[in-house]
Amino acid sequence: MKKFIGIFLTGVLSVSLLAGCGGKGAEKPSGEAGKDGDTPVAEQTDTEQPSGDKVTLKWPCIWSGTDSKADVIREIVDDFNEEYADKYEVIIEENTDYQAYRDGLRTSISAGSAPDIFTFDDDFELYLASGRLVDLTERMDAGWSDNFIEGALEEGTFEDKVFAVPYEMGVTPIMYNKRLLAEAGWDSFPETFDELWELADDLVAAGITPFSQMTGENAWTSMLWYSQIVLAIGGPDVYDNPEDPAFVEAAEVMQKLFEYTTGDAVGAGASVSGGHFLAEETAIFINGPWYIGRLQEDGQNDMYEQVEISPVPLFEGGKGEKGGYVGFVQAYIAAGDTGDPAKTEAQIAFLEYLTEPARVSKLSAHSGALFYIQSDGEADYERLQGQMIEQIEAAPYIQKSFNVISPAAVVNEFPQALSSLVLGEFTPQEFVDSLNSKR
Amino acid sequence: MVKSSKNFRLISVIGSILKWFFLIFLFVYALFPLIWLTISSLKTNAEFMASPFSLPETWQWGNYVKALTVSGIARMMFNSVVISVAATLLNVLITSMSAYAVSRFEFKGNNLLQMMFSAGVLVPLNALMVPYFILITRLKLDNTMLGLILVYTAIGIPISTFITTGFMRSIPRELEESAVIDGANFYVRFKSVILPLSRTGIVTAGTFQFLTCWNEFVYANLLTSSPEVRTVQLGIRYFTNQFSTDYVSMYAAIVISIVPSIIAYMLFQNQIISGLTSGAVKG
Amino acid sequence: MKTTKQDKVGIALFLLPGVALFLAFFIFPVIYVAGVSLTEWTGFTKASFVGIDNYIKIFKDPVFTRSIINNIVWALVAGFIQVPIAALVAILLSFKPKGWKMFRTVYFFPQVISGIALATLWAAIFNAEYGLLNGILELVGLSGLTRNWLGTLESAFPSVLLYWVLYIGYFMVIIFADVQGISEEYYEAAEIDGASRFMQSLYITLPLAKGSIVTCMTLAMINGIRQFEQVYMLTNGGPGNRTSVMVLYLYKEMQAFSYGTSSAAAVVLIFVGSLIILGLNKTLGKETH
C-alpha cells in the first residue's frame with residue numbers, strides 16, 4: 001500500500017510540475033472537454049475519435065433540477081438524442097446552483113477548456129473575445145438567422161462573427177399589487193414619478209410599505225430600479241457616457257425609494273425582498289417573467305391574481321419616453337471550440353435544434369420565460385407574460401439594465417455602494433464615483 | 001472554621017448555578033439551529049418566507065419525499081460515504097505517518113517541514129480553483145471518485161498533521177525508549193506504541209477530516225459532473241436555482257444529509273472514550 | 001534517543017506520501033497563484049506580466065485593508081474568546097456532570113449543519129422586520145436596542161462575528177479529548193490534599209491541556225484569517241463593505257475577471273496568517289515543548 005501511494009504520488013508530482021511549466025493557462029489547447037459520461041469511475045475514453053462514431057456533447061445545464069425550464073429542456077434533449085441516435089448524443093450535466101455554475105464555467109475556461117455546450121450571461125464581450133467559442137457565422141448566414149427576432153444576433157456578434165446565440169430574454173417591468181393599491185385609493189399605476197411619490201405616501205398612510213428593495217447579495221431588484229430610473233432620466237442613450245448627470249440624479253431617487261421600503265431592506269437578499277411582496281407586505285416590486293411561477297406558487301392569499309405590470313413611470317424633465325422598457329440577454333448559449341470538425345458539426349446541429357421556433361414556443365409557454373426566437377404564432381401565453389409581450393411590442397425602445405452594460409467589477413461593487421448611499425455614508429455623487437472607480 | 005466552610009458551600013452553590021446556566025445556554029444555542037432547520041423543513045415555502053420562526057400549519061412531510069426522490073440524494077449520499085470514508089482513512093494514515101516522523105525525530109529540515117505544513121492550513125482553497133482544475137484534468141481524474149478522494153485527502157493534510165503532531169508530541173519519551181530496549185524497530189514502535197497512544201488525536205483529526213469531506217462543496221462542484229460521482233452537497237443545492245430557492249425542500253435534504261455526519265461523530269467520539277479506558281497517556 | 005540508520009529510512013518513507021501530496025496540492029498551486037499575482041489576467045484572454053502592480057493596487061484599495069483588519073479582529077476574538085470558552089466547557093464536562101455525553105454531542109451539532117442553513121437562520125434572527133433577536137429584546141423591555149442588525153454600518157460586523165463565537169463544538173472536542181487523557185492519579189492526589197475542583201482545574205487540568213489549547217488557538221485564529229463562507233452567505237461583505245474579509249475580497253476579484261489582484265490577495269493572506277501563527281508560537285508555543 002505504502003509503496004503504491006509513493007509511486008502514485010510521484011506521478012502526481014511530475015504531472016503537476018509539467019502543468020506548472022505550461023504557463024498561465026491562457027494558451028492551453030482546449031481538447032479535454034469531452035469524455036464519456038457513462039463510465040465515470042472506470043476507464044474514460046476521449047471522444048475525439050475518428051468520424052463515424054457517435055459524437056457526445058456535454059452540457060453543464062442550469063435549466064435543470066427545480067428550474068422552470070428543466071422539464072421542456074430535458075424533453076428537447078431527449079428528442080434530439082432520439083432523432084440523431086446514430087450520430088450525436090447530448091448529455092445534460094445538472095448544474096442547479098447558479099453561482100457555483102458560473103465559478104465552475106469560468107474556471108474551466110481559464111484552465112483552457114470550454115464546455116461543449118454552455119450558457120452565460122455576464123461580461124459577454126470577454127466570452128466572445130476569448131477565442132474559445134465555435135464560430136457560428138457560416139450557418140447563421142445559411143438561413144439559421146431567420147429563427148431570431150430582428151437585431152437579436154447583433155448581441156452575440158464579435159468582430160463581425162457570431163460566437164453565441166442570444167437565447168433567453170430578460171425584461172423587468174414593475175410589478176404591483178392592485179389590491180394593495182386599491183386600499184390606498186388607487187385603481188391604476190402612476191404614469192409619472194410625481195404621482196408615484198403620491199401613491200407611496202397614500203400607501204404609507206394606509207399602513208402598507210410601498211416598495212421591496214434590497215442591498216444584500218447582488219442587490220438585483222434594486223439594481224433594476226436604478227436601471228429603470230437612470231433610463232427614465234437620461235433616456236436610452238444614457239449609458240454612452242458614464243459621467244451623465246442622470247446617474248447621480250437617479251441615485252438621489254434611490255435614496256428616496258429606500259425611505260419607502262421595509263426596515264430590513266439594507267442587507268436583504270432576493271428571498272427576503274421578494275418574500276415581502278409575495279406576503280403582500282409590500283405593494284410594488286420589480287422582477288422578470290421567470291418570477292410569474294413564484295407569484296403563482298408562493299404568493300399568499302392568491303396574490304398572483306392581484307399582480308399587474310407596468311413600464312417605469314415618466315420622469316418629469318427626463319429624456320426617457322413613455323413605455324420605455326428594460327430588456328437584455330438573460331442567457332447566451334455557446335459551444336466550446338475543440339478544433340474537431342465532427343464535434344463542431346454536432347454542436348451546431350444541437351444549437352439549431354434548440355432554437356427552432358416550435359420548440360422554443362413550448363419552452364416559453366411552459367416556463368413563462370421569453371426568448372429571442374421568432375414565435376411560431378401559436379403560443380398560448382400566460383396572462384402576465386402576454387402583457388409583457390404587449391408592452392415590449394409597444395415600447396419605443398428596449399434598453400439594457402445597468403448590470404449588463406457594466407463590467408463585473410462595477411456589478412460587484414453596486415450592492416456595497418448602494419448600501420453606503422442609503423445609509424448616508426455616500427452622497428449620490430460619491431455613489432457614482434465609487435462605481436466608476438471600478439471601471 | 002465552620003463559617004468558612006459555610007461560605008465555601010455558598011460559593012460552590014453559586015458556582016454550580018452559574019455552571020449549569022452556562023452549559024444549558026450553550027446547549028440551547030447549539031441545538032436551536034437543528035430544531036429550527038427541522039421545523040422549517042416541514043413548512044411550505046410561503047410560510048417559511050412570511051414567518052421563519054412560526055410552526056407550520058400542516059406538517060409538510062412531502063418535502064422529505066421530494067428531497068429523497070427528486071434530487072437523487074440517496075445515490076449522492078452513497079457517493080459521499082465512499083469518498084469521505086476513503087479520503088478520511090487515507091488522510092489519517094498519511095498524516096499520522098508524517099506526524100510520527102516530525103514529532104518524534106530530529107532531522108534536518110524538520111522545522112521547515114512543520115512550518116510549511118502549518119502554513120498550508122492558511123492557504124485559501126477558494127483561490128486554487130484553476131490550478132486544482134488543471135491538476136485533476138491533466139491526471140484524467142475529473143468526474144471520478146478517485147479524483148475527489150485525492151483532493152480531499154490532500155487538502156486535509158496540513159490540519160490533520162497539525163492536530164496529530166500536537167498529540168504525538170505529548171507522549172512521554174520513556175515509553176518509546178523502553179520499546180527500543182525491547183528491540184522494537186521504527187515501524188513496530190509506530191504501530192504498537194505511538195498509534196495506540198495518540199489514538200485520541202488521530203480520531204479527532206479523522207472526525208474533522210470526515211466532516212470536511214462531507215461538507216465540501218466548491219471542489220465537488222468543480223471536479224464532478226455526473227450523478228454517479230456527485231456528492232451529497234450537490235444534492236442539497238439541487239433546490240437552489242438561478243431565480244429562486246426551494247428552501248423547505250433544501251432543508252429537508254440538509255436534515256437528511258446531516259444524519260450520517262452525526263452518526264459518524266458519535267461513533268468517533270465513543271472510539272476516543274473506549275481508547276482511553278486502556279489507561280491514561282499523559283503525565 | 002538516537003536516530004538510527006533504520007529510523008532514517010523509516011522517516012523518509014513515512015514522510016514521502018504526505019510531502020508528495022503537499023507538493024502537488026499546496027506548493028504547486030501556491031507557486032501558480034504567486035505567478036498569476038504578477039500578471040494581469042482575465043482568465044479568458046492572454047495574461048500580461050505587470051510586476052507588483054497588483055499588490056500596489058490592492059493595498060491602495062480601502063476595502064482590502066479593511067478586510068485585513070476584519071480578519072485580524074476575527075482571529076483575535078476566535079483565539080482569545082472562543083477558545084477560552086471552549087476550554088472552560090471542556091473542563092466543566094470533564095467532571096462528567098449529569099448528561100455530559102449529551103452536552104458534548106449537542107455542542108458539536110452546529111459543525112455538522114451545512115453553512116447555507118446556518119446563514120439563512122442567522123439572517124432571519126438578525127432581520128429587522130421579523131427577526132428573533134429584536135423580538136427577544138422587545139420582550140425583555142430593551143426595544144431601544146432593536147435595529148436592522150446586518151444592515152447598519154456599525155452593527156453588521158460585530159453581529160456576524162459574535163454569533164459565531166459561541167459555536168465552540170469544534171475546539172471543545174479537541175480540548176476535551178486532551179483533558180480526558182490526563183491521568184486520574186493527578187486528581188486523586190489532589191483530592192487527598194483537599195483541593196477544590198476549581199483548584200484542580202486551575203493547577204492540574206489547564207497546564208496539562210495547554211498543548212491542545214494552544215493548538216486550538218492556532219486553529220481558531222487560522223479560521224479567523226480564512227473566514228469566508230458565513231460572511232459570503234450572510235452579508236456578501238455589506239453593507240458598505242463593512243463585513244468584507246480577505247477571502248471574500250479575493251473571491252470577488254476573481255468574479256470580476258481579475259485573477260491577478262485576486263491571487264495577490266491570496267498571497268497577502270498567507271503572509272498575514274503566517275505572521276499571526278509565528279507571533280502566537282513565539283508567545284505561547286515555546287513553553288509547551
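Start by selecting chain A: of its 439 residues, 54% are buried. Keep in mind as you look around that this is a predicted model. How far apart in sequence are the residues that touch in chain A? Among contacts between residues at least 6 apart, 74% join residues at least 24 apart.

**Stop 1: a tyrosine in chain A**

Now pick Tyr167(A), which sits in strand β6, residues 165-171 of chain A. Is Tyr167(A) buried or exposed? Tyr167(A) counts as buried because 25 C-beta neighbours lie inside 10 Å, and the cut-off for that label is 20 or more. Show what Tyr167(A) touches: leaving out residues up to four places away in sequence, you get Ala331(A), Tyr332(A), Ile333(A), Phe371(A) and Tyr372(A). For a sense of scale, draw a distance from Tyr167(A) to Glu280(A): they are 113 residues apart along the chain, and their C-alpha atoms are separated by 33 Å.

**Stop 2: where chain A touches chain B**

Select the residues of chains A and B that are in contact with each other. You'll have 36 residues from chain A and 32 residues from chain B. On the chain A side, four helices each supply at least two residues: α1 (2-21), α3 (98-110), α10 (270-278) and α11 (292-298). Which of them gives the most? That's α3(A), with seven residues. Colour this side of chain A by residue class and you'll see 14 nonpolar, 14 polar and eight charged residues.

**Stop 3: chain B by domain**

The domain assignment has domain 1 at 2-40 and domain 2 at 72-277. Taken over C-alpha atoms, the centres of domain 1 and domain 2 of chain B are 34 Å apart.

**Stop 4: where chain C touches chain B**

Next, bring in chain C and select its contact with chain B: 73 residues come from chain C and 73 residues from chain B. Helix α1 of chain C, residues 5-36, makes up the largest share of the chain C side, with 18 residues. What classes of residue are on that side of chain C? There are 49 nonpolar, 20 polar and four charged residues.

While helix α1 of chain C is on screen, click on Ile31(C), which lies in that helix. Ile31(C) is partly exposed, because 15 other C-beta atoms lie within 10 Å, and that label falls between the cut-offs of 12 or fewer for exposed and 20 or more for buried. Draw a line from Ile31(C) to Gln255(C): the two are 224 residues apart in sequence and 21 Å apart in space, C-alpha to C-alpha.

**Stop 5: two helices crossing in chain C**

Hide everything but α3 (residues 62-94) and α8 (residues 169-180) of chain C. Their axes are 8 Å apart and the helices pack at an angle of about 45°, which makes α3(C) oblique to α8(C). The crossing of this pair, α3(C) and α8(C), is right-handed.

From α3(C) you'll find residues including Val83(C), Ala86(C), Ala90(C) and Leu93(C), and from α8(C) residues including Phe171(C), Ile175(C) and Val179(C). By class, the contact of α3(C) with α8(C) has 12 nonpolar, three polar and no charged residues.

**Stop 6**

A bit of background first: most residues other than glycine have a negative phi, and most peptide bonds are trans.

Zoom in on the loop between α12 (229-234) and α13 (246-255) of chain C, where Pro239(C) is found. The peptide bond joining Gly238(C) and Pro239(C) is cis, with omega about -5°. Asn236(C) is also in the loop between α12 and α13, and its phi is near 55°, a positive value in a residue other than glycine. Asn236(C) is buried, as 24 other C-beta atoms lie within 10 Å.

Phe257(C) is not a glycine, yet its phi is positive, about 60°. Is Phe257(C) buried or exposed? Phe257(C) is buried, with 21 other C-beta atoms within 10 Å.

Terms used: Residues are numbered from 1 along each chain as its sequence is written. Chains are lettered from A and ligands numbered from 1 in the order in which they are written. This is a predicted model: local features need pLDDT of at least 70, side-chain atom pairs count only at pLDDT 80 or more; totals for chains, interfaces and linings use all residues. Domain bounds come from an automatic or database domain assignment. Two residues are in contact if their C-beta atoms, placed from the backbone, lie within 7 Å. Ala, Val, Leu, Ile, Met, Phe, Trp, Tyr, Cys and Pro count as nonpolar, Asp, Glu, Lys and Arg as charged, and the others, Gly among them, as polar. Axes are lines fitted to C-alpha atoms, for helices over the stretch in contact, and angles run from 0 to 180 degrees between N-to-C directions. Angles under 35 degrees count as roughly parallel, over 145 as roughly antiparallel, 65 to 115 as roughly perpendicular and the rest as oblique. A crossing is left-handed if the near helix is turned anticlockwise from the far one by less than a right angle, and right-handed if clockwise.
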